[in-house]
Amino acid sequence: MKSSRIVSLSPSITAQMIDLDGEHLIAGVTTYSPPLSREVEIVGSLTNPNIEKIILLKPDAVLYSIEDSAVQRTEQLTAMGIEIISFRRNVDYSAICDNYRVLAGIIGKEELAEKKLAIYNKKVEEARIRTSQYSSKPTVAFFVSQEPLITVSKMSFINGIINDAGGINVYQDLEKAYPIVSAESLIILKPDIIISMMPDAERFFHTILTGLRMKNRELSSAVYSIDPDMIALYTPDNYAESVYQISRKINHYIEKSGEE
């Protein structure tokens, strides 16, 4: 199947279409969308798309990801003969790549997808090799929000990013993909590294945990920020780049701590 007029209700699908040279096929997006090179119709928000606007655009297909829970009242679109395609949950890198291939098939970019996946796979593998030389993996606490403190478990694809970058997620065994945790849990779990999607993370964690020492080091010296617009999108490109960036932070920590 090949579609030539698509409404994307998920930012990650939009980003993947851009990566697959398919931006010209996008007829509509939600308010939260990666930057586009041309003006495209806005069809409501991520959680509340405007069904009437979508129908007026007469798309060949409407695409969305299960994670975003974006489509509401989809029976109206189906009744109008509009195809709705949902992509399965992006639980890990393999699932992200599978969804990427499905999208490539929808827009006729299968060959390009395989070429790009080879590049992204190599980038991930190089990061794995780079950090495998160390005798032990540092423990990592990753936060997608600071107020409240929201972390990630093994149910989130970000857990895979941490593992591929050479770290161990201290919250990996929690039951929800993005659980709320307390500051006190950091004292108990004592992660070597804290990584946050929020700006000014070092100041924030230094403030709430003043005086806390982790393995004889001030906590603030083991805190890093990462670009939220990069790691939050589940695309092969963003996954590989996030692995690369976090592996660099892990390398920096290990070199700073003096481990061979």
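Q: What should I know before we start?
A: This is a predicted model, so local features need pLDDT of at least 70 and side-chain atom pairs count only at pLDDT 80 or more, while totals for chains, interfaces and linings use all residues. Residues are numbered from 1 along each chain as its sequence is written, and side-chain values use heavy atoms, with hydrogens and water left out.

Q: OK, where does serine 196 lie?
A: Serine 196 lies in strand S9, residues 193–196. Strands (E, at least two residues) and helices (H or I, at least four) are DSSP runs, numbered from the N terminus.

Q: Is serine 196 buried or exposed?
A: Serine 196 is buried, with a relative accessible area of 0%. Buried means under 20% relative accessible area, exposed means over 50%, and partly exposed is in between (1.4 Å probe, protein chains only).

Q: Which side chain has a polar contact with serine 196?
A: The side chain of glutamine 146 does, at 2.6 Å. A polar contact is a pair of N or O atoms within 3.5 Å; within protein, one must be able to donate a hydrogen and the other to accept it, and residues adjacent in sequence count only if both atoms are side-chain atoms.

Q: What else is in contact with serine 196?
A: Leaving aside neighbours within four places in sequence, the contacts of serine 196 include Phe143, Ala201, Phe205 and Tyr224. Contact means heavy atoms within 4.5 Å.

Q: Switching to S6. Why is strand S6 called largely enclosed?
A: Eight of the eight residues of S6 (residues 139–146) are buried, so S6 is largely enclosed by the rest of the structure.

Q: How does S6 pair with S9?
A: S6 and S9 run parallel over four bridges. Two strands pair if DSSP finds at least two bridges between them. Alanine 141 stands opposite isoleucine 194 in S9.

Q: And what about S8?
A: S8 (residues 168–169) is parallel to S6, with two bridges. Valine 140 has asparagine 169 in S8 as its bridge partner.

Q: Which way does S7 run against S6?
A: S7 (residues 149–151) is antiparallel to S6, and three bridges join them. Serine 145 partners isoleucine 150 in S7. S6 and S7 form a hairpin with two residues between them.

Q: New topic: how much space is in the largest pocket?
A: About 380 Å³. On a 1 Å grid over the protein atoms alone, a pocket is an open set of points where a 1.4 Å probe fits, with protein on both sides within 12 Å along at least five of seven lines; lining residues have an atom within 4 Å of a point. Grid points are joined across faces, edges and corners, and a volume is the space filled by probe spheres set on the points.

Q: What lines the largest pocket?
A: The lining has 19 residues, and those nearest the centre include Asp68, Phe157 and Tyr178. Helix H1 (11–19) and helix H6 (157–164) each supply at least two lining residues.

Q: How about the second largest pocket?
A: Its volume is about 170 Å³. There are 14 residues in the lining of the second largest pocket, with Ala15 and Pro34 among those nearest its centre. H1 gives the largest share, five residues.

Q: How covered is H1?
A: H1 is mostly covered, with eight of its nine residues buried. Ala15 is one of the buried residues. Just after H1, aspartate 21 takes a positive phi of about 55°.
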